[in-house]
Amino acid sequence: MTDTSVNPRAGATRWTCPFCLLLCDTSTVQVDASGRLTLSDSGCACARRALARFVARPSTASARVDGRDCSLDDAVSAAARLLAASRQPLFGGLGTDVSGARALYRLACRTGAICDAAAGAAQMTTLRATQDRGSFFTTLAEVRTRADLLLCVGGTPVDQAPEFFERCGVGESLVAQRQVVVLGGTPADDAVLVGLRRRPGVTVESIPLHGDLFGTVALLSALVAGRAVREAPAALQSLATRLQQARYAVIVGETRRLPPQGALVVEGLNRLVGSLNQTTRAAALWLGGGNGAGTVNQVFTWLSGLPLRSRAGPRGLEHEPLCFDAQRLLHEQAVDSLLWVSSFDPDVAPPATSLPTVVLGHPDLARSPASVFIPVSTPGIGSPGHLFRADGSVMLPLFAVHDDGLPTLAGVLDRIAGALA
Ligand code: SF4
């Protein structure tokens with residue numbers, strides 16, 4: 001991995017934005033005299049909002065046990081005691097980078113913890129569809145240089161990934177003519193399309209669902225496969241023809257927008273992509289796993305061979321995509337402690353629970369009613385790190401904007417593991 005040592009410079013700092021799954025590295029961050037962090041260009045609103053929650057000064061946040069400030073040593077000991085007394089811990093949230101994920105995996109193996117990310121249900125939709133039938137993935141670079149038809153299913157992904165169309169080169173000359181089609185969008189998506197239509201070489205279209213998303217995807221898939229479909233809407237027939245004629249069609253979807261049983265939608269679209277690949281080129285780009293969840297999933301998979309919603313316990317390695325749902329485990333009281341990690345976003349707080357809880361994260365999470373709270377550094381702000389990008393095959397280094405003086409998550413977890421030993 002690339003060395004990303006702390007950059008102590010004041011002023012503009014080379015930066016990879018860790019605040020959504022696109023990991024843009026086109027902006028720099030300015031630190032003003034009061035320690036305020038701002039983007040050197042207009043950047044995106046999401047990054048600006050996230051930067052406003054940090055100040056480039058050494059943190060004064062303290063560890064806490066039972067609501068009282070304490071030393072880091074005492075908090076680590078309390079967390080270790082809590083985990084040692086737990087017969088079935090749950091590790092949730094999982095907002096961290098590669099080295100934090102590696103340390104989480106080590107501690108999970110030591111304690112037999114079940115691990116599930118904050119948006120675990122959405123993450124499982126693509127995972128399960130891929131496990132069952134496989135899929136064709138792509139990268140942002142490939143979309144940018146080749147895709148002439150982008151089909152956004154269920155809406156445009158600009159809430160979750162604000163610079164998505166810029167990163168895909170929509171309007172750039174790399175692909176002279178691009179179509180952007182939204183299937184089942186909202187008025188907000190129509191406004192996005194109006195903006196895209198002004199770009200050179202871009203045509204846009206919004207197509208309503210025919211019934212629900214499941215039925216519409218099944219219908220479109222049948223049309224693309226050339227099966228006889230009675231009374232198919234003209235707009236879907238036309239879309240199927242254009243998908244067949246495209247040099248490289250890319251289906252874009254956000255896992256968090258999918259309805260319950262959304263894996264069936266993913267499976268249907270993966271099947272559609274497979275049909276297209278018999279005569280032309282196509283791929284799917286499923287966006288999800290922000291806040292480090294996608295990275296933790298990658299790391300667990302390479303370390304154990306299993307994705308999240310897994311456990312290394314007395315029965316060996318187990319993967320239960322439904323039973324190991326954190327919400328379900330808490331609701332059924334199938335776990336007796338919770339360790340929650342959220343290094344990037346203080347709004348990703350632990351669920352309300354009466355269980356003994358350890359929270360490791362952004363200093364603003366001190367407000368959560370945890371038994372033990374330890375503030376940790378945010379990779380890409382107060383310390384360096386690494387994250388996987390939305391396309392899952394590219395890992396980017398994160399650069400520290402300043403040294404926040406907080407311990408890294410990996411450092412804290414290793415100390416807890418040491419205390420347990
Ligand atoms: S689009 Fe995402 S990664 Fe890019 S600057 Fe905005 S928040 Fe950061």
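**Close-up views of a predicted model**

**View 1. The shell around the ligand.** Nine nonpolar residues, no polar residue and one charged residue make up the shell around the ligand. Here Ala, Val, Leu, Ile, Met, Phe, Trp, Tyr, Cys and Pro count as nonpolar, Asp, Glu, Lys and Arg as charged, and the others, Gly among them, as polar. The surrounding residues are Cys17, Cys20, Leu22, Leu23, Cys24, Cys44, Cys46, Ala47, Pro162 and Glu163. The model is predicted: local features need pLDDT of at least 70, side-chain atom pairs count only at pLDDT 80 or more, and totals for chains, interfaces and linings use all residues. Residues are numbered from 1 along each chain as its sequence is written, and side-chain values use heavy atoms, with hydrogens and water left out.

**View 2. The Arg64 and Asp69 pair.** A salt bridge joins Arg64 to Asp69, with the closest N and O atoms 2.8 Å apart. The term means a side-chain nitrogen of Lys or Arg within 4 Å of a carboxyl oxygen of Asp or Glu. The whole structure holds 20 salt bridges. Arg64 is partly exposed at 26% relative accessible area. Asp69 is exposed, at 54%. Buried means under 20% relative accessible area, exposed over 50%, and partly exposed in between (1.4 Å probe, protein chains only).

**View 3. The Glu166 and Arg199 pair.** Glu166 forms a salt bridge with Arg199, and their closest N and O atoms are 2.6 Å apart. This pair links distant parts of the chain, 33 residues apart. Glu166 sits in helix α6 (residues 164-167), and Arg199 in the loop between α7 (187-197) and β10 (202-207). Helices (H or I, at least four residues) and strands (E, at least two) are DSSP runs, numbered from the N terminus. Both partners are partly exposed: Glu166 at 33%, Arg199 at 23%.

**View 4. The Glu318 and Arg311 pair.** Glu318 and Arg311 form a salt bridge, the closest N and O atoms lying 2.9 Å apart. Both residues are buried. Elsewhere, salt bridges with shared partners join Arg53, Asp347 and Asp364 into one network.

**View 5. Helix α10 and its cover.** Of the 14 residues of α10, 11 are buried. Among them are Val265, Glu267, Leu269, Asn270 and Leu276. The cover includes α4 (120-133), β8 (149-153), α8 (213-224), α9 (234-245), β11 (248-254) and β12 (281-287); contact means heavy atoms within 4.5 Å.

Key
Near = heavy atom within 4 Å.
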